[in-house]
Amino acid sequence: MTFILCGEALSQPVIPTPLPDPYWVTFSADAAKLIGLKTTPANLPSDPAWLQVLAGNALEVADRQFSTPTATAYSGHQFGMWAGQLGDGRAILLGEIQGQEIQLKGAGKTPYSRMGDGRAVLRSSIREYLCSEAMHALGIPTTRALAVVGSKKTVVRETLETAAVCTRLAPSFLRVGHFEHLASLQMHTEQKMLADDLIDNFYPDCRSSAAPYLELFKAISARTAQLAAHWQAVGFCHGVLNTDNTSLLGLTMDYGPFGFLDQFQIDHICNHSDAGGRYSYQRQPQILHWNMACLASAMLPLIEQELKQANPTQSEADLSNAAQTTLRSALAIYPDIYQAAWETHFRAKLGLLTIQPDDVPLIEALLQLMHHNQIDFTTFFRHLGDLSALPGNKQNTVLRDLFLDRAGFDAWLDHYRARLQQEHSNDQERKQRMNLVNPKFILRNYLAQAAIEAAQADDFSELSRLATILRNPYAEQLEYDAYAKPPPPELNAIEVSCSS
Ligand code: AMP
Ligand code: MG
């Protein structure tokens with residue numbers, strides 16, 4: 001809990017507001033293992049006292065006491081504009097177990113709630129729970145979700161909804177916005193403490209560098225670039241990639257109006273409130289790069305200090321120029337790391353083991369074809385594994401039939417088959433490999449919506465089923481074939497807003 005070191009600048013104590021008559025909506029026995037929490041065969045905590053703790057109604061369970069719940073302050077750039085101080089307006093950190101911070105999202109007002117009510121609705125809590133656990137199962141770095149606790153307490157959004165608390169776990173919930181916050185207050189000593197703690201706990205390799213803070217910046221950037229590439233590879237759209245929602249550990253965090261691509265639209269916007277498409281699918285990698293530029297700017301004083309230690313006689317002006325140049329060069333590494341990671345992901349999605357000069361044009365031609373033919377992203381890549389390298393094989397017509405532009409697909413397929421001939425692997429072995437990277441099951445909006453509507457009517461079975469399926473997204477799970485299907489046309493365009 002790094003921020004506690006920084007005192008009031010970054011955190012304040014806050015007691016959760018009780019949630020009346022709480023009940024379990026869902027619980028992740030898998031996430032519970034992270035904090036060594038024992039569970040019953042019904043996948044609930046063995047100690048029922050956890051329900052009151054995760055509702056924000058108690059701070060004690062068995063021999064454990066969460067004596068200093070806190071909320072943290074951070075600032076951020078929202079939709080490209082400096083927004084000033086934000087902070088955990090509805091998330092309260094209970095404490096830490098086994099290196100995992102335990103955070104109650106929706107547990108009432110904090111000193112940083114501004115105009116908000118400190119609550120989260122059942123709908124958004126279920127979405128966060130499902131997606132955190134689904135992303136983890138896909139192999140993508142993310143904060144985790146331990147549970148959703150519900151209540152009949154009503155909260156006002158566009159309509160009246162019921163409140164819920166989603167418990168999140170992460171080694172740290174630190175964001176780019178934490179550095180920006182301290183930078184905006186010119187609290188350089190605290191910035192240094194934050195950076196040191198990040199290095200000690202999460203980036204220990206940076207310590208041996210001659211310039212540990214610069215190395216830290218590069219390491220955060222590298223993780224972020226890799227995260228962006230991973231999102232693109234599964235068609236995940238975050239929706240609100242503000243700097244306050246950008247993790248310093250390279251985790252996916254703050255699930256709001258996110259969405260997975262159904263039909264491949266390169267400029268898909270999943271957030272109904274993002275009219276300009278700042279956070280569209282294709283812009284995510286460059287937006288995260290932009291967020292790294294905000295981090296660089298916030299870390300500038302640290303880099304200056306670092307340079308000063310190495311060159312004590314240099315003037316302030318020279319040091320400042322040198323720090324800016326150094327950070328600019330460090331920032332320039334991001335696109336290369338992103339591109340390399342993106343190529344690795346998409347080569348694997350195509351089942352290619354070797355690297356050939358024309359691979360990127362081959363991948364890009366496919367994506368363009370998919371865009372123009374509105375092909376379901378997940379279904380296509382999953383079925384691509386069934387495709388035979390041999391011309392004329394009838395399996396190939398299944399994919400071909402998805403395209404309106406059959407001639408375009410045939411031309412691409414000729415190239416792809418020719419490329420497969422350069423690989424020394426047979427169809428079956430390639431399919432096995434591709435199935436490990438092309439998921440069959442993703443959290444499609446219409447599936448989440450069905451689980452939410454059932455839960456709103458107090459039936460949690462659909463939520464439980466969906467969570468179970470998404471725990472093994474790469475497995476066939478034939479009995480759940482229906483859950484792999486693209487949305488029916490009438491459910492194709494569920495709009496998700498920021499309201500949560
Ligand atoms: P988000 O877009 O969910 O990441 O939230 C942006 C900021 O608004 C964060 O500082 C949140 O803590 C805050 N916030 C969102 N909803 C509420 C709420 N209902 N009550 C208080 N603060 C909120
Ligand atoms: Mg946020």
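**Around Asp254**

Mentor: A salt bridge joins the side chains of Asp254 and Arg168, with 2.9 Å from N to O. This pair connects distant parts of the chain, since Asp254 sits in the loop between strand S13 (236–237) and strand S14 (259–260), while Arg168 belongs to strand S12 (residues 160–170), and the two are 86 residues apart. Asp254 and Arg168 are both buried. The model is a predicted one, and the values that follow are computed from it.

The pair is part of a network: salt bridges with shared partners connect Lys105, Glu128, Arg168, Arg175 and Asp254. The structure has 28 salt bridges.

Asp254 also takes part in a metal site. The magnesium ion (ligand 2) is coordinated by Asp254 through OD and by Asn245 through OD1, at 2.0 to 2.1 Å. Like Asp254, Asn245 is buried.

Next comes Asp244, which is placed in the loop between S13 and S14. Its relative accessibility is 6%, and because buried means under 20%, Asp244 counts as buried. Setting aside neighbours within four places in sequence, the contacts of Asp244 include Asp254 and Arg175. Thr40, by contrast, is 204 residues from Asp244 along the chain, and 37 Å lie between their C-alpha atoms.

In one of them, the side chains of Arg144 and Asp30 meet at 3.5 Å, N to O. Arg144 is in strand S11 (residues 144–156) and Asp30 in helix H2 (residues 29–32), so this pair too links distant parts of the chain, 114 residues apart. Arg144 is buried, at 7% relative accessibility, whereas Asp30 is partly exposed, with a relative accessible area of 27%.

The other salt bridge is between the side chains of Asp196 and Arg207, at 3.4 Å, N to O. Asp196 lies in helix H6 (residues 188–202) and Arg207 in the loop between H6 and H7, so the pair ties together parts 11 residues apart in sequence. Arg207 has a relative accessible area of 37% and is therefore partly exposed.

Now the wider setting. The chain is divided into domain 1 (12–170), domain 2 (176–339) and domain 3 (350–435). The centres of domain 2 and domain 3, taken over C-alpha atoms, are 35 Å apart. Where these two domains meet, 13 residues of domain 2 are in contact with nine residues of domain 3. Between them they bury about 830 Å², of which 54% is on carbon and sulfur atoms. On the side of domain 2, the residues that lose the most area to domain 3 are Gln263, Phe264 and Gln265, which together account for 56% of what that side buries.

Between domain 2 and domain 3 the count of salt bridges is zero, while four residue pairs are in polar contact. Helix H7 (residues 212–234) supplies the largest share of the side of domain 2 that touches domain 3, namely three residues.

Technical notes
Residues are numbered from 1 along each chain as its sequence is written. Chains are lettered from A and ligands numbered from 1 in the order in which they are written. This is a predicted model: local features need pLDDT of at least 70, side-chain atom pairs count only at pLDDT 80 or more; totals for chains, interfaces and linings use all residues. Side-chain values use heavy atoms; hydrogens and water are left out. Donors are N, O and S atoms within 2.8 Å of the metal (3.2 Å for Na, K and Ca); water is not among the atoms, so sites may look incomplete. Buried means under 20% relative accessible area, exposed over 50%, partly exposed in between (1.4 Å probe, protein chains only). Domain bounds come from an automatic or database domain assignment. Contact means heavy atoms within 4.5 Å. Buried area is the accessible area (1.4 Å probe) that two parts lose on being put together, summed over both. A salt bridge is a side-chain nitrogen of Lys or Arg within 4 Å of a carboxyl oxygen of Asp or Glu. A polar contact is a pair of N or O atoms within 3.5 Å; within protein, one must be able to donate a hydrogen and the other to accept it, and residues adjacent in sequence count only if both atoms are side-chain atoms. Helices (H or I, at least four residues) and strands (E, at least two) are DSSP runs, numbered from the N terminus.
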